[in-house]
Amino acid sequence: ALLQFKFNNFESLPSIPSQHVWSEELTDSHGNAWKLSIYPGGNRTENEGWVSVFLLNVGTNDVHAHYSIILRNASGAVHAEEHFMQHLFKGGGTSGGKNKWIKRSE
């Protein structure tokens with residue numbers, strides 16, 4: 001199932017480490033609910049200057065998934081892409097993602 005989370009005006013999002021922004025909640029074709037958490041300034045002080053990104057299972061079911069996170073610019077061109085192998089997202093809030101996904105300056 002393809003879910004597309006959107007964050008408009010990325011450059012205006014907070015760039016302070018540990019400050020995150022949630023996407024809207026989306027539901028896949030199997031009825032599982034998901035959110036994307038993005039830390040535009042890094043999820044920890046040691047990751048400052050990096051964008052951290054995490055996919056979160058906000059539903060109640062455990063889900064095994066292969067997933068990709070793709071960043072597109074305003075015109076739709078792919079700017080960054082990361083593919084993740086099998087991951088168990090436990091119901092009620094387990095996430096998967098990357099601490100140092102891309103440099104914010106990119």
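A residue is taken as buried when its relative accessible area is under 20%, and Tyr67, at 9% relative accessibility, therefore counts as buried in this predicted model.

A pair of aromatic rings is described by the distance of the centres and the angle of the planes. The structure holds four aromatic pairs, among them one formed by Tyr39 and Phe54, which is edge-to-face, with 6.0 Å from centre to centre and 85° between the planes. Because Tyr39 lies in strand β3, which spans residues 33–39, whereas Phe54 lies in strand β4, which spans residues 50–57, this pair ties together parts that are 15 residues apart in sequence. Both partners fall under the cut-off for burial given above: Tyr39 is buried with a relative accessible area of 17%, and Phe54 counts as buried at 16% relative accessibility.

Another of the aromatic pairs brings together Tyr67 and Phe84, whose ring centres are 4.5 Å apart and whose planes stand at 10°, so that the pair is stacked. Tyr67 belongs to strand β5 (residues 63–72) and Phe84 to strand β6 (residues 78–89), and the pair therefore ties together parts that are 17 residues apart in sequence. Phe84, with a relative accessibility of 15%, counts as buried, as does Tyr67 at 9%. These two residues also take part in a cluster, in which ring pairs link Tyr67 and Phe84 with Trp34 and Phe89.

With regard to charged side chains, a search of the whole structure finds two salt bridges. In one of them, the side chains of Arg44 and Glu46 meet at 3.4 Å, N to O. Arg44 counts as partly exposed, at 36% relative accessibility, while Glu46, at 55% relative accessibility, counts as exposed.

The other salt bridge is formed by Lys98 with Glu82, and the closest N and O atoms of these residues are 3.3 Å apart. Since Lys98 lies in strand β7 (residues 95–103) and Glu82 in strand β6, this pair ties together parts that are 16 residues apart in sequence. Lys98 itself is partly exposed, with a relative accessible area of 28%. Strand β6 thus contains both Phe84, the stacking partner of Tyr67 in strand β5, and Glu82, the salt-bridge partner of Lys98 in strand β7.

Methods:
Residues are numbered from 1 along each chain as its sequence is written. This is a predicted model: local features need pLDDT of at least 70, side-chain atom pairs count only at pLDDT 80 or more; totals for chains, interfaces and linings use all residues. Side-chain values use heavy atoms; hydrogens and water are left out. Rings of Phe, Tyr and Trp (its six-membered ring) pair if their centres lie within 6.5 Å; planes under 30 degrees apart count as stacked, over 60 as edge-to-face and the rest as tilted. Helices (H or I, at least four residues) and strands (E, at least two) are DSSP runs, numbered from the N terminus. Buried means under 20% relative accessible area, exposed over 50%, partly exposed in between (1.4 Å probe, protein chains only). A salt bridge is a side-chain nitrogen of Lys or Arg within 4 Å of a carboxyl oxygen of Asp or Glu.
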